[in-house]
Amino acid sequence: MIDIRRPDDMVRITTPELADAFIEEQIALIREQVGDKKVLLALSGGVDSSVVAALLIKAIGDQLVSVHVNHGLLRKGEPEQVIEVFRNQLKANLIYVDAVDRFLDLLAGVDDPEQKRHIIGEEFINVFAEEARKLDGIEFLAQGTIWPDILESEAGIKAHHNAGGLPEDLQFDLVEPVRILYKDEVRVVGEQLGLPDNMVYRQPFPGPGLGVRCPGAITRDRLEAVRESDAILREEFAKHGLEGKVWQYFTVVPDFKSTGITDGKRTFDWPCIIRAINTTDVVEVTVEHLDPALMDHLAMRITTEVEGINRVLYDFTPKPPATVEYE
Ligand code: XMP
């Protein structure tokens with residue numbers, strides 16, 4: 001792979017016209033690079049991999065093989081949306097891998113945050129490599145690398161996980177069609193490629209997914225409480241005009257229980273913590289102060305609708321001293 005760099009004088013892609021020009025240019029470049037060979041892509045459903053998938057489908061159709069691994073730590077509705085958008089609407093050659101039991105069985109009883117992250121990352125590569133080995137004639141690997149990834153890896157801030165850490169026998173040439181773009185440009189291009197707004201403008205979501213929002217050893221019931229409370233929070237933020245305005249918001253269900261009361265009966269259940277924050281650089285974040293009526297409504301909905309939750313708490317802590325995620 002040639003070290004393609006963003007030209008210093010490149011105009012920031014802010015309009016549909018500029019996005020169209022970029023798309024046309026990339027389609028020609030992808031066709032030139034790939035020819036009639038096959039390309040493999042790990043499609044998480046995040047902005048970058050989704051835009052790469054949509055671009056490649058436009059350029060080379062079913063020469064692109066996308067693999068979506070459901071590791072059980074995705075948000076409610078995400079795997080379904082990937083299947084709907086890519087397989088049903090864009091007619092992608094999509095392999096959907098239900099690896100939920102594999103991941104959750106491996107994670108059972110593991111409470112160390114670093115070990116949890118390590119298991120999730122390693123198993124992801126195992127599953128993806130297994131799928132890759134089943135395929136014939138793959139010569140390229142597509143990646144959603146973006147320009148800040150290149151800059152950060154050059155500055156030694158973040159290791160750019162080149163080729164996703166795939167084993168020796170699975171080394172492919174890379175196709176990185178959005179590598180010279182900033183995140184905001186990727187979104188404009190994604191919109192122009194016809195991807196849904198909630199995919200293109202979605203909030204940041206960590207690689208280990210809901211796993212880091214289920215602190216301590218992950219259990220299926222507590223993970224479900226995280227997923228359901230997160231879905232309610234997202235629904236209410238959208239209804240109240242906060243979607244796209246607040247930078248990141250999510251729920252965490254810690255591993256302890258407290259006493260409560262429902263229908264006159266004692267309960268012993270988990271609390272659900274809401275975190276909603278704003279930032280420009282992610283180095284420092286401030287807390288979004290919610291309307292008290294919305295807080296009341298969220299507490300009512302989450303405690304009545306989510307199994308196993310009897311309290312709702314709000315995290316008032318900026319970063320520093322707290323990080324955004326809990327693990
Ligand atoms: P922290 O917790 O470090 O989070 O203050 C800063 C931002 O990074 C996101 N985050 C991750 N993103 N893989 C990712 O792709 C990860 O392992 C990861 N951990 C944290 C976090 O959601 C926040 O936006």
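Let's start with the open sheet. Five strands is the count, paired parallel, in the order S3-S2-S1-S4-S5. Strands here are DSSP runs of E, at least two residues long, numbered from the N terminus. Two strands pair if DSSP finds at least two bridges between them. Strand S3 (93-98) and strand S5 (173-175) stand at the edges with a single partner strand each, so one side of each has no neighbour in the sheet. On average, neighbouring strands of this sheet are turned by 30° against each other, direction ignored. Those axes are lines fitted to C-alpha atoms.

A word on the model. It is predicted, so local features need pLDDT of at least 70 and side-chain atom pairs count only at pLDDT 80 or more, while totals for chains, interfaces and linings use all residues. Residues are numbered from 1 along each chain as its sequence is written, and side-chain values use heavy atoms, with hydrogens and water left out.

Strand S4 (residues 138-142) pairs with S5 in the parallel sense, over 3 bridges. Leucine 141 stands opposite leucine 174 in S5.

Now strand S2 (residues 64-70), which holds histidine 68. Is histidine 68 buried or exposed? Buried, with a relative accessible area of 1%. Buried means under 20% relative accessible area, exposed over 50%, partly exposed in between, with a 1.4 Å probe and protein chains only. From histidine 68 to glutamate 139, the C-alpha atoms are separated by 19 Å, and the two residues are 71 apart along the chain.

Next, strand S6 (residues 248-252). 5 of its 5 residues are buried, so S6 is largely enclosed by the rest of the structure. Gln248, Phe250 and Val252 point one way, Tyr249 and Thr251 the other. S6 runs antiparallel to strand S8 (residues 265-278), joined by 5 bridges. Threonine 251 has isoleucine 274 in S8 as its bridge partner.

Last, the ligand. Which residues surround it? Among them are Arg117, Trp247, Gln248, Lys319 and Glu325; a residue is near if one of its heavy atoms lies within 4 Å. The shell divides into 6 nonpolar, 3 polar and 3 charged residues. An oxygen atom of the ligand is 2.5 Å from a side-chain N or O atom of glutamate 325. Another pair puts a backbone N or O atom of valine 324 2.8 Å from a ligand oxygen. A ligand nitrogen is 3.2 Å from a polar backbone atom of glycine 207. The protein covers 67% of the 500 Å² of accessible area that the ligand has on its own, by the Shrake-Rupley method with a 1.4 Å probe.

Key:
Polar contact = N/O pair within 3.5 Å; in protein donor to acceptor, adjacent residues only side chain to side chain. Nonpolar A, V, L, I, M, F, W, Y, C, P; charged D, E, K, R; others polar. Helix = DSSP H or I, 4+ residues; strand = E, 2+ residues; numbered from the N terminus. Axes fitted to C-alpha atoms, helices over the stretch in contact; angles between N-to-C directions.
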